[in-house]
Amino acid sequence: MNDLLRVHGGAPLTGELTVRGAKNFVSKAMVAALLGETSSVLRNVPLIRDVDVVAGLLRLHGVRVEYDDDAGELHFDSSNVESAHVRDIDAHAGSSRIPILFCGPLLHRIGEAFIPDLGGCHIGDRPIDFHLAILRQFGAVVDKQEQGIHITAPGGLHGTKVELPYPSVGATEQTLLTAVRASGKTELKNAAIEPEIMDLIAVLQKMGAIISVDTDRVIRVEGVERLEGFVHTSLPDRIEAASWASAALATRGDIFVRGATQPDMMTFLNTFRKVGGAFHIDDQGIRFFHPGGRLNSIVLETDVHPGFMTDWQQPLVVALTQAEGLSIVHETVYENRFGFTEALNAMGAQIQLYRECLGGLECRFGQRNFYHSAAISGPTPLHAADIVVPDLRGGFSHLIAALAAEGTSTVLGIEVINRGYEHFMRKLAALGANVEAG
Ligand code: EPU
């Protein structure tokens, strides 16, 4: 696909599209398949680049992976897991952060793991210190080498007590994927409890794991000696669903998102309604639309589940440029997730960034040099511009802004959007967007 898109904006997006499984669950369930001694099937899998990357990494480690696009099904045979060559892993993993989650399963299956320098979106430092500390607690030996990190477990992996400094999604998954086959019991305090994590726990339970989720973010795992394969249908991608909802609002459009479900989107739906967006929920999905009239400014803080997801923030900010008055958005999950607002300002938005915690709560980033609060004055008409996509969610937001703006914008770097938005060009066409490649 050409990496440049010409967007003739100014028209509402209207129509229907389908959202399939959640990128941030599917990629983890694929890693879980590595733990199973028998074959697995994952359903409702979207055709996105992150799925390709993880499938490639699994194949490098001897797992047979087949994808049926029409059915949206992945089939895995992980009966013969083997070591992969360092250079091959490096070449494959470049754009993803998932390789770090291969550690526990690979240690259990073949006794060693190699992790290259990690990719992922540049939305903050994104360290892996929690992951390495957890692996060490289980008994792993971490050897930092020039090309990456080599991990072994000469004395085996043993259950342990972990308390996370912050409820990190990845570190919680790391603990789960390692604890399920470690000897003895593991207790994880201050765990992340995102719906994608609950679905991963469901997969692991189907495989034979013993995991309980207590109140107050405590997860307990009793290690077992062997895990089987699984058959599982992914929960829908609530980030993609919310992105299209914000696109409907920003362009004064009307989009039916087939596959979107209410329970995991409650926090988003409340905010969407407060801004002045309307929605109708039925068994097939959710219709999001601009009901006419003015949008309202709001004060919003991103947070871990059940708070407002950080990944919902960027597309919604575009809609907030069209709201009456001053909106405040305080980003408390990542220290550097407002880079995309520079392009919005170039298109006519009035967004000012602050180092202070503007939302009301003091977060980890207060009193430091991170511009992690935004004040958005609106409404401001958006005009066309030449934009370069900075990261996945920021890039999608730029696309929405270009679609809402009068005139023809060019958006460069749209390949990044394929990492997490399935068939987005096809979906844009179905919504009547006037876009052309090149
Ligand atoms: N953190 C550390 N040390 C660590 C790990 C995390 O300091 O070792 C910090 C991070 O820097 C960040 C915070 O903890 O400030 C939360 O990070 P978390 O570990 O929860 O994020 P993640 O697992 O790397 C996943 C999603 C992100 C999503 C976050 C939060 C995947 C592949 N990625 O990242 O999704 O924003 O959880 O919900 O699941 C996206 O889809 O565009 C995306 C960035």
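1. Basis of the note. This is a predicted model, in which local features need pLDDT of at least 70 and side-chain atom pairs count only at pLDDT 80 or more, while totals for chains, interfaces and linings use all residues. Residues are numbered from 1 along each chain as its sequence is written, and side-chain values use heavy atoms, with hydrogens and water left out.

2. Helix α2 and the residue that follows. Helices here are DSSP runs of H or I with at least four residues, strands are runs of E with at least two, and both are numbered from the N terminus. The end C-alpha atoms of α2 are 17 Å apart, which agrees with the 16 Å that its 12 residues should span at 1.5 Å a residue; the expected span is 1.5 Å times one less than the number of residues. The buried residues of α2 are Asp50, Val51, Val53, Val54, Ala55, Gly56, Leu57 and Leu58. Buried means under 20% relative accessible area, exposed over 50%, and partly exposed in between, with a 1.4 Å probe and protein chains only.

3. The ligand shell. There are 24 residues around the ligand, and Lys28, Asp129, Ser168, Val169 and Val333 come nearest; a residue is near if one of its heavy atoms lies within 4 Å. The shell divides into 10 nonpolar, five polar and nine charged residues. In this scheme Ala, Val, Leu, Ile, Met, Phe, Trp, Tyr, Cys and Pro count as nonpolar, Asp, Glu, Lys and Arg as charged, and the others, Gly among them, as polar.

4. An oxygen atom of the ligand is 3.1 Å from an N or O atom in the side chain of Lys23. Polar backbone atoms also take part: one of Phe130 is 2.8 Å from a ligand oxygen, and one of Gly170 is 2.8 Å from a ligand oxygen. Taken alone the ligand exposes 830 Å², of which the protein buries 91%, by the Shrake-Rupley method with a 1.4 Å probe.

5. Where the shell comes from. The elements giving two or more residues to the shell are α1 (23–33), α5 (129–138), α6 (169–179), α10 (310–320) and α12 (392–404). At least three shell residues come from each of domain 1 (4–19 + 236–437) and domain 2 (23–233), with bounds taken from an automatic or database domain assignment.

6. Helix α8. Is α8 largely enclosed or left open by the rest of the structure? It is largely enclosed, because 13 of its 13 residues are buried. The helix covers residues 238–250 and reaches 18 Å from its first C-alpha to its last, close to the 18 Å expected. Asp237 caps the N-terminal end of α8, with a side-chain oxygen 3.0 Å from the backbone nitrogen of Ile239. Just after α8, Arg252 has a positive phi of about 55°.

7. Cis peptide bonds. The bond from His305 to Pro306 is cis, with omega near 10°, and Pro306 lies in the loop between β18 (299–301) and α10. The bond from Gly378 to Pro379 is cis, with omega near 0°; Pro379 is in the loop between β21 (373–378) and β22 (386–388).

8. Two asparagines with positive phi. Asn44 is not a glycine, yet its phi is about 65°. This residue is in the loop between β3 (40–43) and α2 (49–60) and is partly exposed, at 23% relative accessible area. Asn190 has a phi near 60°, sits in the loop between β10 (185–189) and α7 (195–207), and is partly exposed at 24%.

9. Gly139, in the loop between α5 and β7 (141–145), is partly exposed at 31%. Its C-alpha atom is separated by 9.7 Å from that of Ala182, 43 residues apart along the chain. Ala182 lies in the loop between α6 and β10 and is buried, at 1%. Gln367, in the loop between β20 (350–354) and β21, is exposed at 73%.

Notes:
A polar contact is a pair of N or O atoms within 3.5 Å; within protein, one must be able to donate a hydrogen and the other to accept it, and residues adjacent in sequence count only if both atoms are side-chain atoms.
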